[in-house]
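Here is a briefing on one structure. Look over the sequence and the model before reading on.

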Amino acid sequence: VRSLLDSAKSPRFILSASDVEHQYQDKFSLAEFITNTAIAATSNALDRLGVGPSVLQKLKADSDPNHVKLRFSSNETCSLIEKKVVEIADSVKHETYETTATGDPQKVEEKKITTRAVREVTEYHWSYNVSYGLLLVHDDVDLDDAVIQSRKGTEIIVVTGSERAPCPPQHVHPHRDVDLNWYLQQLHTSGEGFQSQFSIDRDASSCKTPRRNDDVQKAVEAFEELRQWTWRVSSFFHDTVASRLRSQYHHQSREYGSSFSVDDSIIFVPVLPLFQHDINGSSSESSDPLLSSADVNVLLTEQLRTIDSTISTLSEKFPSEDDGSIASTAEARLVLLMKHVASISSSFVQGVNHVEGMLRSQLVSAVGREIDSRDFGDFVKSFYPKLFRPEYVPEPFVYAVRRPDHYPDGAISIESTSGVDGDGFETVLTSTRKIEGGAAMRMPINSAT
């Protein structure tokens with residue numbers, strides 16, 4: 001990140017937000033910055049998926065943004081196309097030698113004979129078909145030109161020894177939907193594209209901290225829903241489809257033990273809780289620690305570059321989408337972008353939680369140490385003399401046990417665990433009433449008691 005931004009502006013340091021001196025209001029600005037950057041990064045990923053600015057423009061113009069969903073639909077079919085008996089040679093060879101006499105009594109001819117056992121096996125050839133579609137829907141009705149991506153792939157699975165199909169004859173999966181309501185509400189037209197204008201209502205009664213407020217909470221819920229949706233889409237390929245094509249089935253095409261295995265870790269995620277620090281020593285009161293819009297554009301450009309670079313390498317591992325196979329570059333690209341969107345969502349949640357963590361760390365530093373429930377209990381106890389009459393002030397429940405005219409033999413008490421780890425004991429405070437002149441309680445102390 002520093003190498004990217006150092007070329008864009010100087011002199012300054014790019015540091016983690018917790019390492020730069022700043023004001024309390026800067027934390028609100030940082031939370032807004034992280035959210036807007038996450039929205040822009042998600043827009044880049046969706047653009048490569050097929051949901052570009054023109055599609056979003058049409059959605060905002062023709063549809064109520066409160067009822068738009070991104071839907072992934074899928075189904076599987078399987079049918080028996082051939083049953084035949086084949087001969088399979090055993091892998092173990094048996095070698096024998098045969099000798100033949102010649103005209104010369106001193107010489108014989110020796111001939112090596114190699115044999116293999118052959119067994120007959122019944123093969124069942126199944127046609128396994130997968131079709132799916134990624135589309136936009138409004139009130140559960142498909143929009144015009146709403147299909148983002150759709151494809152059908154086929155593999156011939158050859159199963160030996162059992163007529164059991166590798167999957168049901170037909171399986172239509174439930175739709176996997178994600179609401180785009182909150183996402184579309186944050187986008188506003190800017191030239192030929194869109195710009196995110198998320199902000200926190202700092203005057204709202206529900207606004208407690210830069211993290212604990214309704215605006216950020218709705219953003220967290222939206223990104224978490226998006227992350228779970230991308231996981232469900234990816235799991236269809238990783239778990240459902242790949243499980244049909246595992247190596248326990250003998251088939252005529254590639255090994256599918258690692259189907260749809262793509263690495264998104266090399267794609268740059270620009271959602272980072274960063275501040276800038278002026279090398280010349282300008283104070284936080286006179287300079288804005290937030291990164292500029294030009295800095296954000298540099299980070300987003302790097303994100304697009306790494307996305308395109310990674311997509312271009314998929315053809316080295318996966319066949320073309322025109323190949324007709326199930327695991328092609330189209331599915332690999334879809335799974336890759338799903339994983340990347342999930343990484344963006346996770347980075348966003350971690351970023352806003354980091355802002356809250358900064359606030360907590362500063363509070364602990366100001367107090368001097370962390371305050372737990374025991375400290376609050378001690379604070380309340382200090383006010384007991386003001387809250388109770390002297391005769392009713394709670395006292396430790398501990399009483400001596402003695403024989404008449406003897407020193408105490410011991411004590412009876414009620415204790416509770418204390419300390420952070422519960423490794424200590426503390427006598428429970430109780431309110432008591434003393435009655436003078438009452439009959440003494442007597443009980444024998446022996447092995448039975």
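This is a predicted model: local features need pLDDT of at least 70, side-chain atom pairs count only at pLDDT 80 or more; totals for chains, interfaces and linings use all residues.

Residues are numbered from 1 along each chain as its sequence is written, and side-chain values use heavy atoms, with hydrogens and water left out.

**Nonpolar core**
- The largest nonpolar core holds 86 residues. Such a core is a set of buried Ala, Val, Leu, Ile, Met, Phe, Trp, Tyr and Cys residues joined through side-chain atoms within 4.5 Å. Buried means under 20% relative accessible area, exposed over 50%, and partly exposed in between (1.4 Å probe, protein chains only).
- Leu30, Phe72, Trp229, Phe237 and Phe348 have the most contacts inside this core.
- Helix α7 (residues 329-367) gives the most to the core, with 14 residues. Helices (H or I, at least four residues) and strands (E, at least two) are DSSP runs, numbered from the N terminus.
- Trp229 touches Leu70, Phe72, Leu134, Arg176, Asp177, Val178 and Met338, not counting residues up to four places away in sequence. Contact means heavy atoms within 4.5 Å.

**Helices α6 and α7**
- The axes of α6 (residues 293-312) and α7 come within 11 Å and cross at roughly 150°. Axes are lines fitted to C-alpha atoms, for helices over the stretch in contact, and angles run from 0 to 180 degrees between N-to-C directions.
- That angle makes α6 roughly antiparallel to α7 (over 145 degrees; under 35 counts as roughly parallel, 65 to 115 as roughly perpendicular, the rest as oblique).
- From α6, the contact uses Gln303, Ile307, Thr310 and Ile311. From α7, it uses Arg333, Leu336, Leu337, His340 and Ile344.

**Helices α2 and α5**
- The axes of α2 (residues 24-49) and α5 (residues 214-244) come within 12 Å and cross at roughly 30°.
- Therefore α2 is roughly parallel to α5.
- Thr35, Ala38, Ile39 and Thr42 of α2 meet Ala219, Phe223 and Leu226 of α5.

**His94**
- His94 sits in strand β2 (residues 68-101).
- At 43% relative accessibility, His94 counts as partly exposed.
- Leaving aside neighbours within four places in sequence, His94 is in contact with Ile113, Thr114 and Thr115.
- His94 and Ala117 are 23 residues apart in sequence and 8.5 Å apart in space, C-alpha to C-alpha.
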